[in-house]
Amino acid sequence: MSFDPLVIRRDFPIFSRTIRDGKRLVYLDSGATSQKPQQVIDAEVDFYRLHNAAVHRGAHQLAEEATDIYEGARDIVAEFIGADRDEVVFTKSATESLNLIAYAMGNAPLGNRFHLSPGDGIVVTEMEHHANLIPWQQLAARTGAALSWFEVNQDGRLDLSNIESIITENTKVVSLTHQSNVLGTINPLKEIINRAHQVGAVVILDACQSVPHMKIDVKELDIDFLVFSGHKAVGPTGIGVFWGRAELLEALPPFLTGGSMIENVTMTGATWAPAPRKFEAGVPNMAQAAGLAAAIHYLQEIGMDSIHAHELKLTQYLLDKFADLAPLKIVGPKTIEARGGSISFTFGDIHPHDLGQFLDSQGIAVRTGHHCAWPLNRKMGVPATTRASLYLYNTIEDCDALVAGILDAKKYFG
Amino acid sequence: MMQLDNLYQEVILDHYKNPQNKKLESDNDAQVHHINPSCGDEVTLGVKLEGEKILSVNWDGVGCSISQSSTSIMSDLLIGKSLEEAAVISESFLQLMQSKGSQDGDETVLEDAVALAGVSKYPARIKCALLGWMAFKDASVQALSKKTN
Ligand SMILES: Cc1ncc(COP(=O)(O)O)c(C=O)c1O
């Protein structure tokens, strides 16, 4: 099947509505959340309409069906990222997944390989989303471990020149984003992973901005943990993924405790079920897991390689247009190599908030502000940017609309 | 474009390009720094009082046309007023911002600030318009308590 965004758009009901008095919706905010195809909406609705029951609990047919759907979703996620099924944990979001890891490490007793104490190190980067920064700041504060980070240079790339002094023998955790949600930068993982493993640290990959857009294989990447959110991958909100290597999940203590995650309980104590159940306390987000399975199925039918190629084509197109669009300044890599379809920019004196408002009046949805990466904005010397982020349903026409909108804004605020 | 013109009134763009009282003074009775955490807009604002009278509202900041013009308009409006008058004006402005587009604002009270009425139809921008006003409220309370202590 050849890739045609116009055919794809027909699967997404939202594109049949209009914006601000009849304008065509130009949705360039998939980095924040993606739109949903009918197939995903149906999967979620069908769960409630036909199969709803608490998974793993009832002795009845509905509970069996619900369990099949929920555990089937786990199989689909596992296959999608090249993992074993018992290594896939469902959470409510990437944010929860990251907090799960950080809190679970905080719970690790002395002698556990995840136990942190003063003298140990946690390493992040300056381009992290707040979701992959604050949990580590907090864990460092609770344990006395030191937080350090790779800096970002003015091209929006990580500065690895001092990698040996940042990832040291004391480093226990390295957590970084695969692709920056602001700059679009795709980080050079190999060098970082090699160094981290050399010193015995685990590597956590925030794949929120990569899993939806390209083929990811956790074993090939040689990472230890990975997180992403369903809602950025044409899936529902309320479902996230936490993947970890089997032997690490076995050693990692639980975070949330309660129903379904236990093996045995007495009035004075409890033992844990093996992973993934150990990390899934309570009745999970079942309909959302069904929706995520449908989302992954949808992406796979189209093909991750085709989606990625399409996004690169549009990104190149916008980068070329932006190069001639003074006073536009791209905040992040200006060339296509090792970058994805998230393009942040400033436009002279027009504040991003005002530019975003103007574009909205033309039906164009972009994100403005610091994009939950405030330290990165400070480092790049821009209080705020405008961000266009692309996905499978975007077209050249969308890119042209954005460029025309920016030019009109220049006249309007001129 | 009609809708948008409603938001970006001439007065707003004028104040954005030529902000009034945008120069922090060194002898303020109180000075505060307020941030809009959702977008990063910032205002530093100082107040000088003489008894109950507002001698000076001076400020500096970075941000969108709405947050910066609103602060500029407010500073023009409040200098020379009593704290009591300022409270009435601020309350009236807050009500206008919360009116969801149903009010035009009382020009006899709000003067140029009625130009910001259009903001009330854009929920995401109301915080921008209120940034400077909240900073003033904070600074004036601090200045007053310092004076009366
Ligand atoms: C790179 C990155 N990490 C983490 C997150 C947090 O994802 P969520 O808000 O879905 O938990 C996001 C989404 O905004 C992101 O872009």
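Start with chain A and select its seven-stranded open sheet, whose strands follow the order β4-β10-β9-β8-β7-β5-β6 with mixed pairing. Strands here are DSSP runs of E with at least two residues, helices are runs of H or I with at least four, both numbered from the N terminus; two strands pair if DSSP finds at least two bridges between them. The model is predicted: local features need pLDDT of at least 70 and side-chain atom pairs count only at pLDDT 80 or more, while totals for chains, interfaces and linings use all residues. Residues are numbered from 1 along each chain as its sequence is written, chains are lettered from A and ligands numbered from 1 in the order in which they are written, and side-chain values use heavy atoms, with hydrogens and water left out.

Select residues 171–177 and 202–206 of chain A next. These are β7 and β8, parallel strands joined by five bridges. Within this pair, A:Val173 has A:Val202 in β8(A) as its bridge partner.

Move to the ligand. It is surrounded by 13 residues, the closest being A:Thr95, A:Asp206, A:Ser229, A:His231 and A:Lys232; a residue counts as near if one of its heavy atoms lies within 4 Å. The side chain of A:Thr95 has an N or O atom 2.5 Å from a ligand oxygen atom. A ligand nitrogen atom lies 2.5 Å from a polar side-chain atom of A:Asp206. For A:Gln209, a side-chain N or O atom is 2.7 Å from an oxygen atom of the ligand. The protein buries 88% of the 390 Å² that the ligand exposes when taken alone, by the Shrake-Rupley method with a 1.4 Å probe.

Last, select the four-stranded open sheet of chain A, antiparallel in the order β13-β14-β17-β16. β13 (328–330) and β16 (367–369) of chain A are its edge strands. Strands β14 (342–347) and β17 (385–389) of chain A pair over four bridges, and A:Ser342 stands opposite A:Ser389 in β17(A). Helix α11 (304–323) of chain A lies across β13 and β14, at about 15 degrees to β14(A).

Notes: Polar contact = N/O pair within 3.5 Å; in protein donor to acceptor, adjacent residues only side chain to side chain. Contact = heavy atoms within 4.5 Å. Axes fitted to C-alpha atoms, helices over the stretch in contact; angles between N-to-C directions.
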